[in-house]
Number of protein chains: 2
Amino acid sequence: MSTTTRKASPARRTRRTPAADAPQTLDALAATDPRLPLYQRLKDAFVAQLASRRWRPGEAIPTEAELCRAYGASIGTVRHAIELLALDGLLEKTPGRGTFVRTPSFEGSLFRFFRHRAGGEDRVPQGRILSRAVRLPPSEVGESLRMAPRERAIVLERLRSFDDVPFLCEEIWLPQSRFAALARLPLAEFGNLLYPQYERHCGQTVASAREHLSVAQARGVVADRLRLAPGAPVVVIERLAFGYDRSPLEWRRSHGIAERFRYDVDIR
Amino acid sequence: MSTTTRKASPARRTRRTPAADAPQTLDALAATDPRLPLYQRLKDAFVAQLASRRWRPGEAIPTEAELCRAYGASIGTVRHAIELLALDGLLEKTPGRGTFVRTPSFEGSLFRFFRHRAGGEDRVPQGRILSRAVRLPPSEVGESLRMAPRERAIVLERLRSFDDVPFLCEEIWLPQSRFAALARLPLAEFGNLLYPQYERHCGQTVASAREHLSVAQARGVVADRLRLAPGAPVVVIERLAFGYDRSPLEWRRSHGIAERFRYDVDIR
DNA sequence: GAGTGGTCTAGACCACGAA
DNA sequence: TCGTGGTCTAGACCACTCG
């Protein structure tokens, strides 16, 4: 993986002053459900820090000892909460250095589904925007994104290729309220990865997603774009992506060449 | 804050003297890698209890307090080890009752992949054995199962259906050394589920598995059995199943009707 | 009421990374 | 050398299940 796996350099390790931090942290804890165990409430409070961007991707969160003081909990309890967030993939602990906010870069999740013939390591596939428009979304999409009845959405068509050989075409819907900046961004400035653009231009961090897979046969536009004969098998991936606060951010439907599909699962 | 008695000079490193009532448990701990953290060694020791069938599926394991005494560790450390095994799906904790060895029943994993039209709840699909033979396995299978060069294997062909409509056909390979009893079991006594038979007749418990998915087009025998036109898309699932000790037990390749395939993934 | 796992504390010492 | 997270202890009290 050649992209975005960099860790925060020690120079970027920014620490907040406890004085400025303390009032918010206590509010954050007070805002959680008091019937829950303390470690769950701490977890919720930490997620709130992530959602509010007080803790930012790539940066270190306060040390465990500091969190103990700030939230008035014992170190074992604080560690329990952090451990859960690390299991969720939101935080990353590094012995001797600290605990960091993970930069979620699972655009590379395509590697889970599609092999590409390039010898050696994984590269990010090319991503070319074919079209952009602003319009009312289909009801399925609008409901999934929990959009207001008459709210418009940005819709992108995108073709992904390895070495200029297309293997996946995507249809992407984004609520205009959150992503207005993307409606004006020159198409040339969309790179190969979308989620960093969401972060940079719209302050929206994708923290998790749910995908649904099925198999269909290629027709019409999809067959044309993927250069497939009508009837050839394609894999359909529908994805709903969420922010730290679990609110839906993006709806996406992708069609990929089934011949290049593969997936590994561990069952326990 | 508690009202406990405080010692002026703690710093006790006193190891509990091994109780006379637990000889095997201490052996089990001694057999683990002493360079590992204690909670990892405990986990390995507990897995050994599972593999040796001293702890059996469905039964309760000793209480946390008993394990503390038996292994000379603190309750937090014992809990840590148990927690890991619960996350792995090997144990199941029930508040107020105890911790139990899970009966791995992920034959139902098919429900992850194939929808069936039956209204309401999930039922186990029918499984009919079409053939059984004993022969040398293909090298790919033999190597996956880590079999000796000239060792023979039992091979089963099996057709799975809902309401007598087939949707999946399977080719299953088992090393004869472990599964000799299955070569003699009357075909009528194979039920709809295989793994319980492995357990009952051969003392082999499937604890985990790795699956590889891809998409192909139906040909020959597969097309016939699934009643598909040649060229229709099928999903290919290759599974390698493992025991508690991670040794491979079963190799399986399944072909399923792609139209009925679906799969949900959560990404983080 | 006895026993279980669930939660929580308030420390200790350690290995490791960075300066 | 100092600060970090990793490991571990030796308890406490709680909610829950079961007989």
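Okay, let's start at the DNA: a backbone N or O atom of Thr99(A) lies 3.5 Å from a phosphate oxygen of DNA strand D. Keep in mind that this is a predicted model.

In Tyr39(B), a polar side-chain atom sits 2.7 Å from one, and for Lys93(A) the distance from a side-chain N or O atom is 3.3 Å.

So who else is around? There are 23 residues around DNA strand D, and the ones that come nearest are Thr63(A), Leu38(B), Tyr39(B), Thr77(B) and Arg97(B). At least two residues each come from β1 and β2 of chain A, and from α2 and α4 of chain B.

Now, over to the sheet. It's open, with seven antiparallel strands, in the order β9(A)-β6(B)-β7(B)-β8(B)-β5(B)-β4(B)-β3(B). β9 of chain A and β3 of chain B are at the edges with a single partner strand each, so one side of each has no neighbour in the sheet. From one strand to the next, the twist averages 20°.

Zoom in on β7 and β8 of chain B: nine bridges join these antiparallel strands, and Val234(B) stands opposite Ile257(B).

Last, the helices. α8 of chain B packs on the sheet, touching β5, β7 and β8 of chain B, at about 155° to β8(B). α7 of chain B lies across β3, β4, β5 and β8 of chain B, running at about 130° to β5(B).

Conventions:
Residues numbered from 1 in each chain as written. Chains lettered and ligands numbered in written order. Predicted model: local features only at pLDDT ≥ 70, side-chain atom pairs only at ≥ 80, totals over all residues. Heavy atoms only, no water. Pairing = 2+ DSSP bridges. Helix = DSSP H or I, 4+ residues; strand = E, 2+ residues; numbered from the N terminus. Axes fitted to C-alpha atoms, helices over the stretch in contact; angles between N-to-C directions. Contact = heavy atoms within 4.5 Å. Near = heavy atom within 4 Å. Polar contact = N/O pair within 3.5 Å; in protein donor to acceptor, adjacent residues only side chain to side chain.
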